[in-house]
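Good morning, colleagues. Please bring up the sequence and the structure on your screens, and I shall then take you through them.

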Amino acid sequence: MYLSRSLVLAVLEEYVESGLSKSKPARCLDLLAGPGINGLLWAKRLARRVEVILNCSKASAEIVERNLQRNSLVAEIETKDPCALLHERGYNFVYIDCVGEGCIYFDAVFRNLARNGVVIFTGKDDSLLHGGSYDAAMRKYGGRIIRTHYARELGIRLFLGALARAAIRYNKMINVLFCTIHKNSFTVAVMAEKGCDSVDQYMNKLRLLKHCNVCEERAFYPFHNGFPVDGKSVNLGCDCALNNKPNNAMEISGAATVAESSHELGPLWAGDIFDASFIEKLIDNKRSDDPKVVYTLKCMLEEARCVSNGNVKISAGSPPFYYNLHKHHPKIAQQCKLSKVIVLLRNLGYRASSTHFDPLAVRTDARAKIICQIMESEAKKSADKMDTF
Ligand SMILES: [Zn+2]
């Protein structure tokens, strides 16, 4: 809660100070304001550069009013239905700290959002983050996810996919500024940009994901413009489908058929989940003096860049998803250190970095097979060294 509050304040300050907001003062709405602490912080830090609107329950309105008076601050207090308020007029900056699912605000939030408007969601949707409830994910966000070792990013990408579909209905595209997970809550910040020129541009960002149930290798389906794509043609680079013996097969009408070794997940957001230049500006312009926020921003920047040592041309955006080293560990005696794996991958020309989604995982464009090979050869090297002594 505290971290997301400081992050939201840092984003709002950068948004207002850098002139990204089309209106001056920027109209900023805390949709589910509670006691109104966010609004107080915004009004105190940014004074007349923001017009603060706090929407809270009738029971909280008196407390919010008292808090504003005590701090000699000015803000508008509303006690309306959140979606009705979003439909009523336009805003430049909207913060939604939702306790349950955020999807109920998706349509309303883009209805009147200004060009370059920023929306930040904070959620505590456990079933989504851990892929625990297949049914709930499908109902709320219109896509399939399952329990995996990379479920946290999977959940975020499902959330973003549903958000992008809502934005496009109002001729807007989303640019994801960042997304972060802290304990059991997540924060997602997006900027609404002008809608795409062609539907292909939009479809390119929303794709299905092929996931191997055995080794958890995964790959996005290629972009297609209406012609069917055979799931079997999506190469995962693992041999699990070949090794899937008929004795595990399902009996259908007396004929044995090989059980499927992979799942088709999504549709998910396949675009970038970090805007490296925006995160860099937040750090460089010292938008937060909270060490926890600065640390989180630095972690996200490293992840967004995901560098390599090789002479490889780095395309925009970081590689999607990450590999948990405990899950993708070869059968060797010693656990290989994450920092070592990152260095080895980078030396081989792959992009690699740690990820704040999972402290035991590496974000890389290398396949799981390569990571295992690297760890095996490293274990062999250390065994040979021991033998020489
Ligand atoms: Zn596999």
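Let me begin with a definition: a residue is buried if 20 or more other C-beta atoms lie within 10 Å of its own, exposed if 12 or fewer, and partly exposed in between, with C-beta atoms placed from the backbone. What we have here is a predicted model, in which local features need pLDDT of at least 70, side-chain atom pairs count only at pLDDT 80 or more, and totals for chains, interfaces and linings use all residues. Residues are numbered from 1 along each chain as its sequence is written.

Is Asp358 buried or exposed? Asp358 counts as buried because 22 C-beta neighbours lie inside 10 Å. This residue is found in strand 15; strands (E, at least two residues) and helices (H or I, at least four) are DSSP runs, numbered from the N terminus. Leaving aside neighbours within four places in sequence, Asp358 is in contact with Arg152, Tyr322 and Asn324, where contact requires the C-beta atoms, placed from the backbone, to lie within 7 Å. Between Asp358 and Lys327 there are 31 residues of sequence separation and 12 Å in space, C-alpha to C-alpha.

Strands are said to pair if DSSP finds at least two bridges between them. Strand 14 and strand 15 (residues 358-364) are joined by four bridges in the antiparallel sense, and Ala352 stands opposite Thr364 in strand 15.

I turn now to strand 5. Of the 11 residues in strand 5 (residues 113-123), eight are buried, and the strand is mostly covered. Strand 5 pairs with strand 4 in the parallel sense over six bridges, with Tyr95 opposite Ile120 in strand 5. Strand 5 is also joined to strand 7 (residues 185-194) by seven bridges, and these two run antiparallel; here Phe121 stands opposite Val188 in strand 7. Strand 4, helix 5 and strand 5 make a right-handed β-α-β unit, right-handed meaning that, with the strands pointing away from the viewer, the path from the first strand over the helix to the second runs clockwise.

In the loop between strand 4 (91-97) and helix 5 (106-111) sits Cys98. Cys98 is partly exposed, because 17 other C-beta atoms lie within 10 Å. Not counting residues up to four places away in sequence, Cys98 touches Leu32, Phe121, Thr122 and Gly123.

Next, the core. A nonpolar core is a set of buried Ala, Val, Leu, Ile, Met, Phe, Trp, Tyr and Cys residues joined through C-beta atoms within 7 Å. The largest has 98 residues, and Val11, Val94 and Val190 have the most contacts inside it. Helix 8 gives the largest share of this core, nine residues. Why does this core lie between domain 1 and domain 2? Both domains give residues to the core, so it lies between them.

Finally, the domains themselves, whose bounds come from an automatic or database domain assignment. The protein is divided into domain 1 (2-205 + 268-299) and domain 2 (309-388). Their centres, taken over C-alpha atoms, are separated by 34 Å. Each domain brings 11 residues to the contact. On the side of domain 1 that touches domain 2, helix 8 (151-169), strand 6 (172-182) and helix 11 (291-305) each supply at least two residues.

Conventions
Contact = placed C-beta atoms within 7 Å.
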